[in-house]
Amino acid sequence: MRGRDRAAAAVLLVFGLLALEEARKLRFGAVAKPGPGFFPVVLAAALTVVCAALLIVAWRARDGGGDVAGLAWWKIAATIVALFAYASVLERAGFVIATFGLLLFFFKVLEGQRWLPALAGSLATAFVTYVVFKVWLNVQLPAGPWSG
Amino acid sequence: MDVLHGLGYGLGVTLQPANLLACFVGVFVGTLIGVLPGVGPTATMSLLLPITFTMSPTASIIMMAGIYYGAMYGGSTTSVLVNIPGEAASVVTCIDGHQMARQGRAGPALGISAIASFIAGTFSVVCIMLLAPPLTSVALRFGPPEIFGLLLLGFTMVTYLTAGSKLKAVAMALLGMLLGTIGLDPISASPRFTYGSVTLGDGLGLVPIIMGLFGISEVLLNIGAGVKQDVFETRIKGLLPSRDDWRRSSAPLARGTVLGFLLGILPGMGAIIPTFMSYALEKRLAREPDRFGKGAIEGVAGPEAANNAATGGSMIPLLTLGFAPNVAMAVLLGAFLIHGVQPGPLLIKEHPEIFWGVIASMYVGNAMLLVLNLPLIGLWVQVLRVPYGILFPLILLFCLIGVYSEHGNVWDIIVMLAFGAIGLLMKRFGFDPAPLVLAFVLGRMTEESIRQSLLMSGGSFAILLTRPIALAFIVAALLVALLPLLLPPVKRLLRTVPPDDTT
């Protein structure tokens, strides 16, 4: 846990310093008449101080062991990549096609279902959600190449 | 408008077909996601926010509130039958509720939790109704220094009540507020941290951040951990508790209700801490404390009442002060703002239909929930049997649709996914996302109140100490900060409470 805490504190500290540097470029104004930069500078400075304290605490802490249970990181990474891919093709391919692809990936690759249920399930879900959200609930969704 | 007149007016509003439907959809969806582990009220409320754009403000708020208190009912079902809390506030219910199920008493366990929820929910609605108008008249006299003092007190409580490292909670709150400054400065309207981007000019959206931190990250964690549900196979019979059950649980139920409501009003409490306190209290008061953990019905009745009463209590700061005491209320605040309504002391005068309509809808909603959760319990048990491999793609899909449809912009999906990944890391590294989200929502109010205070006083921070109400808030904040040092039992109690990821 100690290594994790140090790493997390260090990353946040770097973020705090960067934010402070960027916030200083905004007009600070005076305490009697605070400008747009006043609040961000105060926040970023406070964040930097708190993260420095976190880093010191993590550095001095003894290793308590007790690591948390391992995760199947490949599954998580694959899911995130698939979701980003979905976001990048959504407007070009349209909701139904993009959603069909995403669901097929989940059902087939991640969950290892057989082809027929995976295909049927993905297709049906993509269509039904499109009809429910777009047609019934009037929620905006990209129609893609079929839009007239 | 006096209370009874107000309530009658509110009932009239609630019974309009559109609002009644909104109430039903809210409590139904609330129960559903309460039953499903891994999706909680906060993520669901933000998910459904885009759908409410086409509805009236009253119907939207009625629906959102219904999801929140509905989830508290549904969560206990999963706790009893699967020994996994359906949502975080039902953790304690697992202890004795699941033991009851193992002893073939799943029926009374579910029955008492629904009945306790109903009684506590109704009690808290009555209290809101009686307390909100006088509080409102006090709050009307608040100026920027008082508001700043109140926010300071709220944030102190939120960070000090977090389980785990207080420093981490403070860091998250500061980070959240900093993220909230992206976009146009609320006073001078000059852009901050936008780097010339028009999209960033509007700031980061609340919906994508909440869905990322509470929805996506939870699903990712479950995918990685390989969740398996193990529904306890039992025939549920005899939902009504026996006379002996009643004798044992009526006093815990009453104590849990009052305790939960009072704690629920306080910022940062959420619905979890009251359940733990109620459980601890009942165990201490019990004549046979050994029965706890082995299927004691008192251990279900008290905490279940506490979490529902706390849910009601947490509506008070929002309706009277415009302050969100927890993340779910922050989303509700977001729903108000999207419809151009500012909750707070003026709400009761400017939008009586929303104020009284929402309160009355909670009576109606509680009655609907009793029907949904007792006779229809079988339906929810079936929902529990849906394997996670089918469930998680659907949850992700709803998140994608919900977040995209708010502005019809892929950028929001990207923000949501980024915060999903960040949220996963935060959970792994022991950072609680709740202070971040609360600070993100309340950051603007904080900034305005401090800058206006300084403008009023010509740059002197003494203005915060010379006005009595503001001073009282700041003294209270200091006391809260010092309390765990002064009272070791408080500290010990807080350490036993798990993180409040009311997802």
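Is Gly420(B) buried or exposed, and how many other C-beta atoms lie within 10 Å?

Reply: Gly420(B) is buried, because 27 other C-beta atoms lie within 10 Å. The cut-offs are 20 or more for buried, 12 or fewer for exposed, and partly exposed in between, with C-beta atoms placed from the backbone and counted within 10 Å of the residue's own.

First, the ground rules. This is a predicted model, in which local features need pLDDT of at least 70, side-chain atom pairs count only at pLDDT 80 or more, and totals for chains, interfaces and linings use all residues. Residues are numbered from 1 along each chain as its sequence is written, while chains are lettered from A and ligands numbered from 1 in the order in which they are written.

Confidence comes next. Chain B has a mean pLDDT of 85, and 93% of its residues reach 70 or more. That score is the predictor's confidence in each residue, from 0 to 100. The model as a whole scores ipTM 0.91 and pTM 0.85.

Back to the glycine. Gly420(B) sits in helix α20 of chain B, residues 410–428. (Helices are DSSP runs of H or I with at least four residues, strands are E runs with at least two, and numbering starts at the N terminus.) Leaving out residues up to four places away in sequence, Gly420(B) touches Gly212(B), Ile216(B), Ser217(B) and Leu220(B). Contact means C-beta atoms, placed from the backbone, within 7 Å. Gly6(B) is another matter: 414 residues separate it from Gly420(B) in sequence, and 43 Å separate the two C-alpha atoms in space.

Now α3(B), which spans residues 41–48. This helix is mostly covered, with eight of its eight residues buried. They run from Pro41(B), Thr42(B), Ala43(B) and Thr44(B) to Met45(B), Ser46(B), Leu47(B) and Leu48(B). Its buried residues pack against α2 (17–35), α4, α10 (206–225), α15 (327–338) and α19 (388–407) of chain B.

Of its 26 residues, 25 are buried, so α4(B) counts as mostly covered. Asn83(B) follows the helix with a positive phi, near 65°.

Two further positive phi values are worth checking. Most residues other than glycine have a negative phi. Ala189(B), not a glycine, has a positive phi of about 60°. Its place is the loop between β1 (183–184) and β2 (191–192) of chain B. Ala189(B) is exposed, because it has 9 other C-beta atoms within 10 Å. Phe193(B) is not a glycine either, and its phi is positive at about 50°. This residue lies in the loop between β2 and α9 (198–201) of chain B. With 19 other C-beta atoms within 10 Å, Phe193(B) is partly exposed.

Next, a proline in a helix. Pro134(B) belongs to α6(B), residues 106–139. It counts as exposed because it has 10 C-beta neighbours inside 10 Å. Phe355(B) is 221 residues from Pro134(B) in sequence and 14 Å away in space, C-alpha to C-alpha.

Beyond four places in sequence, it touches Val31(A), Ala32(A), Pro34(A) and Gly459(B). Its C-alpha atom is 8.7 Å from that of Pro145(B), 309 residues apart along the chain.

Finally, the interface. In total, 52 residues of chain A contact 43 residues of chain B. On chain A, α1 (2–23), β2 (33–34), α2 (38–60), α3 (73–93), α4 (95–110) and α5 (115–136) each supply at least two residues. α2(A) gives the most, with 12 residues. By class, this side of chain A has 40 nonpolar, six polar and six charged residues. Nonpolar covers Ala, Val, Leu, Ile, Met, Phe, Trp, Tyr, Cys and Pro; charged covers Asp, Glu, Lys and Arg; the others, Gly among them, are polar.

Notes:
Contact = placed C-beta atoms within 7 Å.
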